[in-house]
Amino acid sequence: MTFQPGSENVASPSGDAILIALGANLPTERFGPPAAAIDAAIAALKDLAGVTVTGVSSFYETAPVPISDQPWYVNAIVRVETALAPHDLLQKLHDIEAGFGRVRVARNEARVLDLDLVAYGRVEISDEGGLVVPHPRLHERAFVLLPLRDVAADWVHPVLLQTVNDLIASLPDDQEIRQMQKT
């Protein structure tokens, strides 16, 4: 697929939303606890040339999915605007992760920072160079959907054609999540 800005079919005001999920469950020497790393990652996103942050969700504490003995995660969603192609934006996200000391070894491992491009408007990409948009499991994850609703309450999944509220209502009961109180 070749990305062409403006080629999306925007079905709602949030239909054009570019959404980045943030997560961390390990402290870093440089930034401290996971919530501080998420704050620093949001600042790094705000500093990216060609990217404008237009919304930041509340922070949520979430149990690991799948269930494991890892520490709980801190998760959030950032809504951005950019003319960058999805692959270029993903590369910038990977660069930020690397700057935080992220090394990818295994799926679902504990991490100092995880940045996922979960939606890019109505664009659908199927496994092109490691990129799948919308994220293939976002509709199964409370830690994505609850913060997503904070920044795009009228968002509709571009493949499933379900609202974020319908997706939340369909979540399994076994996912533990709680909104964090900002200090």
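Is Leu19 buried or exposed, judged by relative accessibility? At 0% relative accessibility, Leu19 counts as buried. Here buried means under 20% relative accessible area, exposed means over 50%, and partly exposed lies in between, with a 1.4 Å probe and protein chains only.

The model is predicted, so local features need pLDDT of at least 70, side-chain atom pairs count only at pLDDT 80 or more, and totals for chains, interfaces and linings use all residues. Residues are numbered from 1 along each chain as its sequence is written, and side-chain values use heavy atoms, with hydrogens and water left out.

The protein chain contains four helices and eight strands. Both are DSSP runs numbered from the N terminus: helices are H or I with at least four residues, and strands are E with at least two. Along the sequence the order is β-α-β-β-β-α-β-β-β-α-α-β. The chain has 183 residues, and 48% of them count as buried. It exposes about 9,100 Å², of which carbon and sulfur atoms supply 50%. That area comes from the Shrake-Rupley method with a 1.4 Å probe; for residues, only the protein chains shown count as cover. Among contacts with a separation of 6 or more, 67% join residues 24 or more positions apart. A contact means heavy atoms within 4.5 Å.

Confidence was examined next. The predictor's confidence in each residue is its pLDDT, from 0 to 100. The chain averages 86, and 85% of the residues score at least 70. Helix α4 has the highest mean, 97, and strand β6 (residues 125-128) the lowest, 78. Over residues 1-12, pLDDT stays under 50. For that segment the model has 21 contacts beyond four places in sequence.

The interior holds nonpolar cores. Such a core is a set of buried Ala, Val, Leu, Ile, Met, Phe, Trp, Tyr and Cys residues joined through side-chain atoms within 4.5 Å. The largest has 33 residues. Leu22, Ile38, Leu45, Leu113, Leu115 and Leu117 have the most contacts inside it. At least two residues come from each of β1, α1 (34-46), β2, β4, α2 (86-99), β5 (114-120) and β7 (131-133). Helix α1 gives the largest share, six residues. Another core, of 20 residues, lies apart from this one; among its members are Leu138, Ala142, Leu148 and Leu167.

Helix α3 (residues 142-151) is largely enclosed by the rest of the structure, because seven of its 10 residues are buried. These are Ala142, Val144, Leu145, Leu146, Pro147, Leu148 and Val151.

Leu19 lies in strand β1. Not counting residues up to four places away in sequence, Leu19 touches Ile77, Val78, Arg79, Asp116, Leu117, Val118, Ala119, Leu148, Val151 and Trp155. Leu19 and Val78 are 59 residues apart along the chain, yet their C-alpha atoms are separated by 5.8 Å.

Lys46 lies in helix α1. At 52% relative accessibility, Lys46 counts as exposed. Beyond residues up to four places away in sequence, Lys46 touches Val51 and Val53. Lys46 and Val80 are 34 residues apart in sequence and 9.1 Å apart in space, C-alpha to C-alpha.

The structure holds one aromatic pair. Phe31 and Phe100 are stacked, 4.3 Å centre to centre with 20 degrees between the planes. Rings of Phe, Tyr and Trp (its six-membered ring) pair if their centres lie within 6.5 Å; planes under 30 degrees apart count as stacked, over 60 as edge-to-face and the rest as tilted. Phe31 lies in the loop between β1 and α1, and Phe100 in the loop between α2 and β5, so the pair ties together parts 69 residues apart in sequence. Phe31 counts as partly exposed, at 21% relative accessibility. Phe100 is buried, with a relative accessible area of 10%.

Thr28 is also found in the loop between β1 and α1. At 12% relative accessibility, Thr28 counts as buried. Thr28 touches Phe100 and Val112, again not counting residues up to four places away in sequence.

Elsewhere, Arg178 lies over the face of Trp72, 4.2 Å from the ring centre. A charge sits over a ring if NZ of Lys or CZ of Arg is within 6 Å of the ring centre and within 35 degrees of the ring normal.
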